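Please describe the pockets of this protein, with the residues and elements that line them.

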Amino acid sequence: MGDTTDEIVFYTHPQSRGRIVRWMLEEVGQPYRTEVLGYGESMKSPAYLAINPMGKVPAIVHRVVAVTEAAAICSYLADAFPRAGLAPAQDDPLRGSYFRWLFFAAGPVEAAVSAKAFGLLAPPDKAGTVGYGSFEQMADTLEKAAAGAAPWLLGERFSAADVYLGSQVLWGTMFKTLPEREAFAGYGERLRARPAWQRAAALDDALLSPQ
């Protein structure tokens, strides 16, 4: 029996960015316990606010440490469980590209897609002051990343960067928040073929089904 502090506790809702972390957990292959929280009271309860003061999901607790923010959780899990092979080693030159695309998705992609959805994109004359530049610059750069994924962002090696950036591509194409691009479609097809993605999607979809 291992130390109970080594248990991964996963806080989520099936209609949230928790789907990204669920996929990552399935890729990691370690046992985890799921705690489903409802929007509103349970996410704002004192017990959960002690884990994430933002009162949002996803979050995990592992080894008595709380980790929030989907990109951070993906990065943490990849390093915590190196046997899964989801992150290049510290001395691997690929680690630079790994972090580049992981945080490009967490920064410019997230910010530009959200800003466009709410009509809050920076005006052209202020594009230099925001991390994403313009929505078009972000989309073109994301397209280059997806087009260069042969089959994955790090070549033959699938990584946590594919989980996080790939989730942005899958959601963007599904909800039409990204322009239609052949590279997005091809990359998305490869992502959806992964057994871990299929398991994760089935688990979350089951939570949405009437009991």
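This report takes up the pockets in turn.

## Basis of the model

The model is predicted, so that local features need pLDDT of at least 70 and side-chain atom pairs count only at pLDDT 80 or more, whereas totals for chains, interfaces and linings use all residues. Residues are numbered from 1 along each chain as its sequence is written, and side-chain values use heavy atoms, with hydrogens and water left out.

## The largest pocket

Two or more lining residues come from each of the helices α1 (18-28), α4 (94-117), α6 (160-174) and α8 (195-208), helices being DSSP runs of H or I with at least four residues; α6 provides the largest share, 7 residues.

By class, this lining holds 15 nonpolar, 8 polar and 6 charged residues, where Ala, Val, Leu, Ile, Met, Phe, Trp, Tyr, Cys and Pro count as nonpolar, Asp, Glu, Lys and Arg as charged, and the others, Gly among them, as polar.

## The second largest pocket

The second largest pocket has a volume of about 460 Å³, and of its 19 lining residues Arg17, Lys56, Val57, Pro58 and Glu69 are the closest to the centre. The elements giving two or more residues to this lining are α3 (70-80) and α4, with α3 giving the most, 3 residues. The lining divides into 10 nonpolar, 4 polar and 5 charged residues.

Note on methods. 1 Å grid on protein atoms, 1.4 Å probe; cavity = no way out; pocket = protein on both sides within 12 Å on 5 of 7 lines; lining within 4 Å. Points joined across faces, edges and corners; volume = space filled by probe spheres on them.
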